[in-house]
Amino acid sequence: MTGGGAIEIEALHRSFGDVRAINGVSLRIRAGEVVGLLGHNGAGKTTLVRLVAGLLSPTAGRVRVRGLDPVADGVAVRRLLGVLPTASFLDQRLSARRNLELAAELFGLPRAGLPDRIRRALREFDLAERAEDRVEGFSAGMRQRLALARVLLPGPEILLLDEPSAQLDPLAVRMVRQLIGQLSRDAGRTIVLCTHDLAEAQHLCDRVVVLDHGRVVEEGAPAELAARLAAGAVEVEVARADGPVARELLGRHAGAGPIRQVDGPGWADTVVLRNSSIGRSQLPGLVRALADAGVAVYGVRPYEPSLEEVYVALYTAREQVATAPNHAVGQP
Amino acid sequence: MTAAQPLNLRAIRAIVRRDLSIVRTNRAVLVPLAVLPLVFAVVFPTLGGLIARVDVPDGDLQRLLRTVQGWVFDGLPDGSGVQLAALLLGYLLPPLTLVIPLIVVMVLATDSVAGERERGTLEGLLLAPVSDRDLLVAKLLGALLPAVAINLGCALIYLTITDIAMWPVLGRPLLPHATWLVLVLVVAPSVSAAALALAVFVSARARSVQGAQQIASVTVLPLVFLVVGQFSGLLFLGPWQLVGVAAVLWVVTGGLVWLGSRSLRRDRLGPRLR
């Protein structure tokens, strides 16, 4: 990861009539960074991508891609970008090869060696055998692979991928993830990944940005967000029979946070108790008390929530705030 | 900044080629484009040739012949059938053939902008490093070039069949004459351009191809007035008057292209993407 700014967004607003699709977003994405944009449908992810690509003008604020304005310097900006939109943008009535040839012409790729380059791309995305077939006969997965091939063909410096693994079968998803990892690791590409797949974001992204109603509500490395949500959380695994005793002892040592029993599989002879407010200094006392009470302890470990748990917790908390009686309308 | 850049001819050519490929695969577009020229360029002059060989009965057609200015029949042999055929093939039907480039332009232009949005391919095009100006030029050329080519092709077929049909009766070719040449070479391109500019302007705003075609089809109305005027004898335009009509149409085209250039821009099209 280098320090240069690939994309800089400052106090960005975009409205459609009365609807504020983007509401004061500020974001800096460094060159070579992989950033995940997370959020519900309608959170503003696609609008943000279109603003960066210059397909929409900001209502207020500014966007810069490598220092260029996507609206005023649109041609230069789009030469740097490879954008995979949510919906298929391929020409269904053209063959796979013609779709790639068209992209090559539009991006002004050198004609020398172009047939080879296109052949390689088709082979890489497992489409060589269907190169001359019209796209309208392709499965959803094949179309998505071709769309990715088309986006990558010009060798863009910055990739904006709007749900790249949507509609793909598990093997294709794996291939796409490997590809994104490879593009970031080996080619040093800057990648903005809009996704609903939190496992994908956790696996691929250096940083995630959570959008809600056009605002950034959380931002950081997946591990950072998890740590912020679950600082000091521990899981204690004990024999199922000792569960009630262990719960009582955990309650005595823990702070105000709730104790949750995380059910393991039905056949397991242990239960896992989780508490998010126990201090590190209290752990030795807890372990001693459990041993003194004759509780069979199978493990005491820090709890690291997945990005999915972070995301759900974040939205649950926001919904609780939003539905609270004194909540001021329009507050973030 | 964009205005100072030279035209990106490679991208323009690629978009035009792509649009034409798409049209070639669309039977619903191709059939009307083939049938109309066939009727106007082949069937009409053939029928005209048959009329030239019969006498016109007394009635409305005879009255029509009497309302026409005398110079139209200068140098023609006597005979009501010959005169009616010369009037139809030389003066009344050629304005009707303007419908051909007009329909071609309308079908192609609405398909290439509103159709592109319907098919979801517009976003792919807007994401390419092609300026709004080059995109507009490509969309205009993609419809105008086939329209002009089809118009010239039809005119050539019309001229050939008309002269084959009329030569034995007249002893000389009926076409081309000055009015017909002006109509084919000056008026037809101006009609195409005006219809094209309107179709692009409307298509950039319409949600669907059908919606765009419904609005753009108003361009047929002035043509209907012209043809009805010719048939009724109220409006019989000579070459210079037709040049005047073409000049007015080019001015209208200029205005519509300006409006189209304001509509066919990313910041206007972006919010309408799916």
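Of the 161 residues in the largest nonpolar core, those touching the most other members are A:A149, A:L160, A:L193, B:V105, B:L196, B:A199 and B:V200. A nonpolar core is a set of buried Ala, Val, Leu, Ile, Met, Phe, Trp, Tyr and Cys residues joined through C-beta atoms within 7 Å. A residue is buried if 20 or more other C-beta atoms lie within 10 Å of its own, exposed if 12 or fewer, and partly exposed in between, with C-beta atoms placed from the backbone. This is a predicted model, in which local features need pLDDT of at least 70 and side-chain atom pairs count only at pLDDT 80 or more, while totals for chains, interfaces and linings use all residues. Residues are numbered from 1 along each chain as its sequence is written, and chains are lettered from A and ligands numbered from 1 in the order in which they are written.

**Cores**

- Helices (H or I, at least four residues) and strands (E, at least two) are DSSP runs, numbered from the N terminus.
- Leaving aside neighbours within four places in sequence, B:L196 is in contact (C-beta atoms, placed from the backbone, within 7 Å) with B:V105, B:A109, B:L140, B:A143 and B:L144.
- A second, separate core has 13 residues, including A:V236, A:V238, A:L250 and A:L273.

**Helix pairs in chain B**

- Helix α5 (residues 99–119) and helix α7 (residues 132–170) of chain B cross at roughly 155°, and their axes come within 9 Å. Axes are lines fitted to C-alpha atoms, for helices over the stretch in contact, and angles run from 0 to 180 degrees between N-to-C directions.
- α5(B) and α7(B) are therefore roughly antiparallel. Angles over 145 degrees count as roughly antiparallel, under 35 as roughly parallel, 65 to 115 as roughly perpendicular and the rest as oblique.
- α5(B) and α7(B) make a right-handed crossing. A crossing is right-handed if the near helix is turned clockwise from the far one by less than a right angle, and left-handed if anticlockwise.
- The contact of α5(B) with α7(B) has 14 nonpolar, three polar and one charged residues. Ala, Val, Leu, Ile, Met, Phe, Trp, Tyr, Cys and Pro count as nonpolar, Asp, Glu, Lys and Arg as charged, and the others, Gly among them, as polar.
- α8(B) packs against helix α9 (residues 209–216) of chain B at about 140°, with axes 9 Å apart, which makes α8(B) oblique to α9(B).
- B:L198, B:A199, B:V202 and B:S203 of α8(B) make this contact with B:A212, B:I215 and B:A216 of α9(B). These residues divide into six nonpolar, one polar and no charged.

**Chain A**

- Chain A comes to eleven helices and 13 strands. Of its 332 residues, 40% count as buried.
- The C-alpha trace of chain A spans about 80 × 50 × 35 Å along its principal axes.
- Helix α3 (residues 96–106) and helix α5 (residues 140–152) of chain A pack at about 25°, with axes 9 Å apart, which makes α3(A) roughly parallel to α5(A).
- A:A96, A:N99, A:L100 and A:A103 in α3(A) meet A:L146, A:A149 and A:R150 in α5(A). By class, this contact has five nonpolar, one polar and one charged residues.
- Eight of the eight residues of helix α1 (residues 45–52) of chain A are buried, so the helix is largely enclosed by the rest of the structure. Among them are A:K45 and A:R50.
- Just after α1(A), A:G54 takes a positive phi of about 80°.

Methods. Contact = placed C-beta atoms within 7 Å.
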